[in-house]
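Please go through this report with the model open beside it.

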Amino acid sequence: MNVSFEKLTNPELTHVDVFNRWENNPELIPLTRPNQNQFELERQEILTLDKLTQRLKYTQIYLIYLDGQLIGEMNYMVDPSHLYKKESGTAWIGITIGEPQGRGKGIGYKAIQYLEEEIKKQGLYRVELGVFEFNIQAQNLYRKLGYEEIGRIEKFTFWQDKMWKDIRMEKYLIDS
């Protein structure tokens, strides 16, 4: 199993196609974006090459490959307005393992470790993230990586006919 990562600097239509497939996958939507109701949960979002290029102005995106095949992406932005703890110099991270063959193999663990190293290279030492309360697998991954819960936002996302909390977690990156 060969896992590799590549920073996305020059997006192409093939990237747009893959991102659109992942961002509109009914299995992934509940895990990757907050939704206020059933309509939003079923809503399709179309990403264009221009929108992806614009996204790169405020988000660092890294592609995740398994044996040469693109299986996911991870990203971070610095000091976004949605931080739970408004601490300057904070990286907000996200990860999507879009392809089923990339899930349950420890790739997310390796990917987050890689992303943390990239964040440290930028001189940032605090990471924050949000994980929906029903996503137990992701919560366990983040805890295993040293993230600690700092708060919960009530009625944050809709899934399975009810509203769920968003659990906010943080980690301070220190040199070992």
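## A way in: Thr157

In which strand is Thr157 found? The residue lies in β6, which spans residues 148-159. Helices (H or I, at least four residues) and strands (E, at least two) are DSSP runs, numbered from the N terminus. This is a predicted model, in which local features need pLDDT of at least 70, side-chain atom pairs count only at pLDDT 80 or more, and totals for chains, interfaces and linings use all residues. Residues are numbered from 1 along each chain as its sequence is written, and side-chain values use heavy atoms, with hydrogens and water left out.

Is Thr157 buried or exposed? Thr157 is buried, because its relative accessibility is 0%. Buried means under 20% relative accessible area, exposed over 50%, and partly exposed in between (1.4 Å probe, protein chains only). The Thr157 side chain reaches the backbone nitrogen of Asn35 at 2.9 Å. Leaving out residues up to four places away in sequence, Thr157 touches Arg33, Pro34, Asn35, Phe132, Phe134, Lys162, Met163 and Trp164. Contact here means heavy atoms within 4.5 Å.

## The sheet

Seven strands make an open sheet with mixed pairing, in the order β1-β2-β3-β4-β5-β7-β6. Its edge strands are β1 and β6, and each pairs on one side only. Two strands pair if DSSP finds at least two bridges between them. Strands of a sheet pair through backbone hydrogen bonds, either parallel or antiparallel.

Glu148 stands opposite Glu170 in β7. Helix α1 (residues 13-23) packs on the sheet and touches β2 and β3. The direction of α1 makes about 85° with that of β3. Axes are lines fitted to C-alpha atoms, for helices over the stretch in contact, and angles run from 0 to 180 degrees between N-to-C directions.

## Strand β2 and its partners

Six of the seven residues of β2 are buried, so the strand is largely enclosed by the rest of the structure. β2 pairs with β1 in the antiparallel sense over five bridges. Lys7 has Tyr62 of β2 as its bridge partner.

On the other pairing, β2 and β3 are antiparallel over seven bridges. Leu66 has Gln69 of β3 as its bridge partner. These two strands form a hairpin with two residues between them. In the turn, Asp67 has a positive phi of about 50°.

## Helix α5 and the cores

The buried residues of α5 include Ile107, Ala111, Leu115 and Ile119. Just after α5, Gly123 takes a positive phi of about 85°.

The largest nonpolar core has 28 residues. Such a core is a set of buried Ala, Val, Leu, Ile, Met, Phe, Trp, Tyr and Cys residues joined through side-chain atoms within 4.5 Å. Ile64, Tyr76, Ile93, Ile119, Tyr142 and Tyr147 touch the most other members. The largest share, five residues, comes from α5. Leaving aside neighbours within four places in sequence, Ile119 is in contact with Tyr76, Ala91, Ile93, Leu124, Val127 and Leu173. A second, separate core of 13 residues includes Phe19, Trp22, Leu47 and Leu63.

Key:
A polar contact is a pair of N or O atoms within 3.5 Å; within protein, one must be able to donate a hydrogen and the other to accept it, and residues adjacent in sequence count only if both atoms are side-chain atoms.
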